[in-house]
Amino acid sequence: MLYSLLYSLHDWFSPLNVFRYITFRTSLAVLSAIVFSLILGPWIINRLKRLSVTQQIREDGPETHMGKAGTPTMGGVLIVLCILLSIFMWGDLKNMYVWTMIVSLAGFGGIGFIDDYLKVIRKNHKGLRARYKFGIQMALALLIGVILMNPKDPYADVLSIPFFKKWLIDLGWFYIPFSIIVIVGASNAVNLTDGIDGLAIGLVAVAVLANGVLVYISGHKGLANYLQVLYLPGTGELTVFCGAMFGASLGFLWYNSYPADVFMGDVGSLGLGGSLGTLAVITKHEIVLALVGGIFVIETISVILQVVSFKLTGKRVFKMAPIHHHFELRGWPEPKVIVRFWIVGIMLALLSL
């Protein structure tokens with residue numbers, strides 16, 4: 001809204017013409033989200049403490065986690081709020097893709113909020129039942145998939161293969177169930193990774209920064225043609241959304257870094273994961289997302305292997321799943337696990353670029 005107001009005055013005051021540049025507004029989105037986080041963070045954390053919205057610690061987890069009992073959770077409300085404030089200020093709200101991302105962030109964040117509310121406020125340790133949780137997630141992802149199936153878009157139902165720039169697979173209407181798998185999978189993958197201080201939010205910041213570069217290239221006709229990637233008109237505006245996500249992630253990391261003052265909860269992890277998945281579907285970077293978010297994929301696979309192995313053989317593959325807990329139980333200090341996973345995440349992001 002602020003962008004539209006300021007840019008509309010550029011004929012009267014020519015320097016305001018700078019607001020038409022996506023890179024300029026992306027920088028403002030990053031800075032705004034960080035500033036909002038630093039201003040609103042202490043107030044939200046104190047409110048969560050007063051309301052006794054605190055994290056339940058797994059008794060079968062690492063002993064070092066027992067000291068985290070009483071740490072406020074549902075801090076993802078801060079992340080979602082800062083992203084929305086920033087994008088409403090600097091984003092082009094006439095862009096359909098921007099609104100699709102807003103729906104995804106708010107929708108998956110809302111599912112996480114309900115789950116957190118049942119766990120923390122209502123003291124129901126199971127939270128939202130799995131069949132309802134996945135059912136609502138799939139319904140929301142279906143809505144997003146249908147919205148994006150624009151018959152006028154020649155690339156609406158194609159799958160782009162990395163490293164083979166001209167190889168496009170036409171999935172037809174099967175693209176909708178495929179997009180559901182990508183979006184719901186990304187949402188839950190980030191949720192599984194959110195188990196130790198700063199791990200998930202740091203990896204989200206890395207992933208969204210890499211995706212921001214790819215989104216900008218896809219939406220820039222000259223760069224897209226030069227690099228031989230799909231040119232997708234209108235998607236460049238999502239660079240501003242990526243900037244808002246990156247800034248909000250850094251701002252939240254200020255409070256979530258070890259030792260954490262607040263946890264993001266499902267409202268943050270499901271919202272951010274769903275947004276990453278939706279971003280990949282819009283920009284046709286679904287396979288690249290699996291590489292950029294390789295740690296999220298590994299964390300998810302570790303849980304699947306653990307469950308399948310225990311049910312079939314009665315034995316566990318890892319000391320504890322997700323895999324970051326396995327390394328903790330092997331004696332790695334929590335900060336070392338976090339930083340090493342970040343390093344791998346950065347390497348994967350660079351490889352994807």
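Analyst: Buried means under 20% relative accessible area, exposed over 50%, and partly exposed in between, with a 1.4 Å probe and protein chains only. This is a predicted model: local features need pLDDT of at least 70, side-chain atom pairs count only at pLDDT 80 or more, and totals for chains, interfaces and linings use all residues. Numbering runs from 1 along each chain as its sequence is written, and side-chain values use heavy atoms, without hydrogens or water.

Start with Lys284. At 5% relative accessibility, Lys284 counts as buried. Its phi is near 60°, a positive value in a residue other than glycine. Lys284 sits in the loop between α10 and α11 (286-292); helices are DSSP runs (H or I, at least four residues), numbered from the N terminus.

Met74 is also a non-glycine with positive phi, about 70°. Its loop runs between α2 (22-50) and α3 (76-90). Met74 counts as buried, at 5% relative accessibility.

Next, the cis peptide bonds. One runs from Tyr258 to Pro259, with omega near -10°. Pro259 lies in the loop between α9 and α10 (265-283). Another joins Ala321 and Pro322, with omega about 0°. Pro322 is in the loop between α12 (294-313) and α13 (323-329). Most residues other than glycine have a negative phi, and most peptide bonds are trans.

Helix α9 covers residues 238-256 and reaches 26 Å from its first C-alpha to its last. Of its 19 residues, 17 are buried, so α9 is largely enclosed by the rest of the structure.

Now the packing. The largest nonpolar core has 91 residues; such a core is a set of buried Ala, Val, Leu, Ile, Met, Phe, Trp, Tyr and Cys residues joined through side-chain atoms within 4.5 Å. Helix α7 (residues 199-219) gives the largest share of this core, 12 residues. Ile79, Ile83, Leu238, Phe241, Leu272 and Leu276 have the most contacts inside the core. Take Leu272. Leaving aside neighbours within four places in sequence, Leu272 is in contact (heavy atoms within 4.5 Å) with Ile79, Ile83, Ile201, Val204, Met245 and Met264.

The largest cavity holds about 40 Å³. A cavity is a set of points on a 1 Å grid over the protein atoms alone where a 1.4 Å probe fits but cannot get out; lining residues have an atom within 4 Å of a point. The volume is the space filled by probe spheres set on those points. Its lining includes Leu203, Val206, Ile295 and Phe296. α7 and α12 each supply at least two lining residues.

Key. The expected span of a helix is 1.5 Å times one less than its number of residues. On a 1 Å grid over the protein atoms alone, a cavity is a set of points where a 1.4 Å probe fits but cannot get out, and a pocket is an open set with protein on both sides within 12 Å along at least five of seven lines; lining residues have an atom within 4 Å of a point.
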